[in-house]
Amino acid sequence: SLARGEYVQITSNQFVANTTGILSIAGNIQIVGNNISYNTTGIEIGTGTNDAHGIISSNNINHNVTWGLNIHDVANGMTIADNHIYVNDIRIKDTTGGIVFDGGKIDAESYVFDTNVGLVLRNISFPNSLANVVTLTGTAPSYEGCRALNGDLALSPTVFLTGIKNKAWG
């Protein structure tokens, strides 16, 4: 229902130099085609009446100070597809409904994966030019078809199998 802030589409905006670029605790949201940069937190997704879930797609999420993405306490899942996420920290904490990253490029300074169920990173390109520190508590994410820019298979954002390539990637 609209009273709970659901079925909101946030598209084609600039969120620059705010405390939080986008904050959602609603269900059935779409965050598409935005530039989200130089905020303290770029996008924060949390729990609410219908628990935050929806789609985050085709955004540029760059140079946010504390978190580029801060997703926490989500039970109904979220699809995060084809974004370019650079020079940020990413935090996924206490999620149980399956957060799925699919496609795009991610070159984060750090990744905090804390007590998640069903966290999947699929078909992500990791340029791997930053520190790329991974802090893991609980179950590790599943990495499916992720690659470095040179085509090496990624076992995580920081571990690559050199020489094991996919012809589609190089």
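**Entry 1**

I started with Glu144, which counts as partly exposed at 32% relative accessibility. I use partly exposed for anything between buried (under 20% relative accessible area) and exposed (over 50%), with a 1.4 Å probe and protein chains only. A reminder to myself: this is a predicted model, where local features need pLDDT of at least 70, side-chain atom pairs count only at pLDDT 80 or more, and totals for chains, interfaces and linings use all residues. Residues are numbered from 1 along each chain as its sequence is written, and side-chain values use heavy atoms, with hydrogens and water left out.

Which residue does Glu144 form a salt bridge with? I found Arg122, with the closest N and O atoms 2.9 Å apart. My salt bridge rule is a side-chain nitrogen of Lys or Arg within 4 Å of a carboxyl oxygen of Asp or Glu. Glu144 lies in strand 17 (residues 142-144) and Arg122 in strand 14, so this pair ties together parts 22 residues apart in sequence. Strands here are DSSP runs (E, at least two residues), helices are runs of H or I (at least four), and both are numbered from the N terminus.

Arg122 is itself partly exposed, at 27% relative accessible area. I also saw its side chain meet that of Asp102 in a salt bridge (3.6 Å, N to O). That pair links distant parts of the chain, with Asp102 in strand 12 and Arg122 in strand 14 (residues 120-122), 20 residues apart. Asp102 counts as partly exposed at 25%.

**Entry 2: Lys93 and Asp114**

How many salt bridges does a search of the whole structure find? I got four. One of them joins Lys93 and Asp114, with 3.0 Å between the closest N and O atoms. Lys93 sits in strand 11 and Asp114 in strand 13, so the pair ties together parts that are 21 residues apart in sequence.

Are these two buried or exposed, or in between? Lys93 is partly exposed at 22% relative accessibility, while Asp114 is buried at 16%.

**Entry 3: the core**

Next I looked inside. The largest nonpolar core has 34 residues, and those with the most contacts inside it are Ile43, Ile45, Ile99, Phe101, Ile106, Leu121 and Phe126. By core I mean buried Ala, Val, Leu, Ile, Met, Phe, Trp, Tyr and Cys residues joined through side-chain atoms within 4.5 Å. Among the strands that each supply at least two residues of this core are strand 6 (41-45), strand 10 (78-86) and strand 12 (99-107).

Leaving aside neighbours within four places in sequence, Phe126 is in contact (heavy atoms within 4.5 Å) with residues including Ile106, Leu121, Tyr143, Leu149 and Phe160.

**Entry 4: the surface**

I found a nonpolar surface patch of about 220 Å², made by Leu155, Val159 and Leu161. Patch residues need over 30% relative accessible area and no salt bridge; like charges are joined within 9 Å, nonpolar side chains (Val, Leu, Ile, Met, Phe, Trp, Tyr) within 5 Å. Leu161 belongs to strand 20 (residues 160-161) and is partly exposed at 31%.

**Entry 5: the whole chain**

I counted zero helices and 20 strands in the protein chain. Buried residues make up 46% of its 170 residues. Along its principal axes the C-alpha trace spans about 55 × 30 × 25 Å.

Note on methods. Accessible areas come from the Shrake-Rupley method with a 1.4 Å probe; for residues, only the protein chains shown count as cover.
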